[in-house]
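This report walks through selected local features of one protein chain, section by section. Please keep the sequence and the model open while reading.

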Amino acid sequence: MGCTPEAFLQVLSAPGTNFYHWNLCYENSTMFLSDKYRRGRGCRYSQSGRSSPQNFNRIIADLRVDGMTYKKKRPYSLENLTCKCGRSESVSAAANEEENRTWINGIAMDSDISKFELAQQLKNENGAVFSNIDLGTPGAINSKLNGVGDSFEDEAWDLLRASMVYYCGNPIGTIAANDPNDSSISNYDQVFIRDFVPSGLAFLLKGEYDIVRSFILHTLQLQSWEKTMDCHSPGQGLMPASFKVRTVPLEGDDSATEDVLDPDFGEAAIGRVAPVDSGLWWIILLRAYGKCSGDRSVQERVDVQTGIKMILKLCLADGFDMFPTLLVTDGSCMIDRRMGIHGHPLEIQALFYSALLSAREMLAPEDGSTDLITALNNRLVALPFHIREYYWTDMKKLNEIYRYKTEEYSYDAVNKFNIYPDQIPPWLVEWMPNKGGYLIGNLQPAHMDFRFFSLGNLWSIISSLATNEQSHAILDLIEAKWAELVADMPLKICYPALEGEEWRIVTGSDPKNTPWSYHNGGSWPTLLWQLTVACIKMNRPGIAENAVKIAERRLSRDKWPEYYDTKRGRFIGKQARLFQTWSIAGYLVAKLLLAKPESANILVNIEDTELVNAFSCMLSANPRRKRSRMGAKKSYII
């Protein structure tokens, strides 16, 4: 059985330091095991199989905050973070014999409850994931613990806690799915950055902050590792898509084991795509943690400040692009398979804008960060102008596009991106309501992706990337097109689905993204929480309440699937995992926010007056005027 939290000091606990602290687990630490079973009293962290303090001094010495130099190299190919907590195979047996009591996270549990929770504290290859529980019947866990199974929320909480992953005795995240009857685990037994966000929010809203703090700090450690694929390394600051807690034999002692963190930066992912959204979600969750817990010491730590700057430097790096939007490859966000979203997808831009505002709020002023702050502020002005001006579509804008002139070679062209009117799809002409509108999915030269992407539009509302008027219009459209976007299970990830020849060309005949399935028009219950935040921000919670009621009819009965198929979401997805953690957490966050709407403020971004004034200056200067060849580039320094 794993060491209890009493055996370890908090990792990375000292705010205001410019290097990571590696605390030792002293011999006199309080443990529930008797001395004869106590092993591996030293607890130290390393990024290789060899973990001497000298190695760490050498590794950490390469981290420079002011000079923005980051280097962490490891002699082994397996990229893992190791917690040296040697444990004998007989430890768990000894724990069971100790006074018929079980200690879980420092709390003595009754033997009946221990049968439920102890099984997953025992170390296994999944890193102490709860996986040996009978989840076959909805409410089974709730019945085991409380003797009742009639509450969806109680059942959801039990399932969420059952998905928790432990690292060195402490919770560090939740796995993607926890279906005990599914033999093909794939990577669903890993902790994904984006998947953990609703789980983390649920714990925050419940007042359980430790798991979120642990997640934030441990993923921060993973950020700085050297990542390579085919002799090429991505830019500094990339956060992993996921990580797995592995239990491996302790080097030099075959009778003991240790926990290691094994991250995936995209080198093992399907398609080998780096997760652009991971770092953005990490910043958003960090801000939510500080606002909800009141603990600002985490975001004020020098290592955390450095992590934020590394992400910003990666996102704000100069390139060839003429637009303020982030240029990414296909499959670099929630839609992680080929779906024709390469370029400047709305989802990435909305998360990017939210992360920029969140980072601006958390960054401590430093002399060495002036250029970074200036670049951040300039992007905060240019990005919303670009999205609001060029991504927005409603009946009025459609009619304008329908009458576009093409091949305009001039600085004051109306049709800047040379969009051909014939690109307007026939379905949209009939589908667009008279009242309402939305932000299109993507914009590139001579190409507009007119599909409606739910996450991008909802997060544009939450982050204030969309104007107040546009935000209400998006919700108007969702209400007007309820039968298509919500129907029997909220919420469509995108609308409409790619079909026929278009599906074959765009997806490469992807058998998982068939029409109205998975990312190609599937219905995803996890989007409930983002819909709820958007509706609460716009003071229209009734929309979210209706969606939650629809979801409650089936989620528990269907064993909390990952997604649903068909146009109306009537079938459980053909390859959907059951007991999908972010379906569970998304429902819980929606319920918690509807019960306490003011809590949504931990996620909502509001433009400050300085940004609004700078944006007004940009609007007052006609964006379609002829630009001066000799004029100096103007920066808005806020």
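Lys596 counts as partly exposed, because its relative accessibility is 47% and the class partly exposed lies between buried, under 20% relative accessible area, and exposed, over 50%, as computed with a 1.4 Å probe on protein chains only. The residue sits in the loop between H21 and helix H22 (609-620), where helices (H or I, at least four residues) and strands (E, at least two) are DSSP runs numbered from the N terminus. Its C-alpha atom is separated by 10.0 Å from that of Ile536, although Lys596 and Ile536 are 60 residues apart along the chain.

## Basis of the model

The model is predicted, so that local features need pLDDT of at least 70 and side-chain atom pairs count only at pLDDT 80 or more, while totals for chains, interfaces and linings use all residues. Residues are numbered from 1 along each chain as its sequence is written, and side-chain values use heavy atoms, with hydrogens and water left out.

## Helix packing

Two packed helices are described by the angle between their axes and the distance between the axes. Here the axes are lines fitted to C-alpha atoms, for helices over the stretch in contact, and angles run from 0 to 180 degrees between N-to-C directions. The axes of helix H5 (residues 152-162) and helix H21 (residues 581-595) come within 9 Å and cross at roughly 135°. That angle makes H5 oblique to H21, since angles under 35 degrees count as roughly parallel, over 145 as roughly antiparallel, 65 to 115 as roughly perpendicular and the rest as oblique. H5 passes H21 in a left-handed crossing, a term used if the near helix is turned anticlockwise from the far one by less than a right angle, with right-handed used if clockwise.

Helix H11 (residues 346-362) packs with helix H15 (residues 454-462) at an angle of about 25°, and their axes are 8 Å apart. H11 and H15 are therefore roughly parallel to each other, and their crossing is left-handed.

## Helix H8

Helix H8 (residues 276-293) has 18 residues and reaches 27 Å from its first C-alpha to its last, close to the 26 Å expected, where the expected span is 1.5 Å times one less than the number of residues. H8 is mostly covered, with 14 of its 18 residues buried, and it is followed by Gly294, whose phi is positive, near 80°.

E5 runs antiparallel to strand E6 (residues 170-174), to which four bridges join it; two strands pair if DSSP finds at least two bridges between them. Tyr167 has Asn170 of E6 as its bridge partner, and in the hairpin, which has two residues between the strands, Cys168 takes a positive phi near 60°.

Strand E8 (residues 242-250) pairs with E9 in the antiparallel sense over nine bridges, and Val245 has Leu261 of E9 as its bridge partner. This hairpin also has two residues between the strands, and Gly252 takes a positive phi near 85° there. Strand E9 (residues 253-264) has nine of its twelve residues buried, so it is largely enclosed by the rest of the structure.

## Backbone features in the loops

The peptide bond from Pro490 to Leu491 is cis, with omega near 5°, and Leu491 has its place in the loop between helix H17 (482-485) and strand E15 (494-495). Another cis peptide bond joins Tyr495 and Pro496, with omega about -5°, and Pro496 is found in the loop between E15 and helix H18 (500-507).

Trp560, a residue other than glycine, has a positive phi near 50°; it lies in the loop between helix H20 (541-552) and strand E16 (564-565) and is buried, with a relative accessible area of 1%. Thr566 has a positive phi of about 80° although it is not a glycine, and its place is in the loop between E16 and strand E17 (571-572). At 25% relative accessibility, Thr566 counts as partly exposed.

## Cysteines

A disulfide is a covalent bond between the sulfur atoms of two cysteines. Taking a disulfide as a pair of cysteine sulfur atoms within 2.5 Å, the count comes to zero disulfides. Cys315 counts as buried at 12% relative accessibility, and Cys535 counts as buried at 0%.
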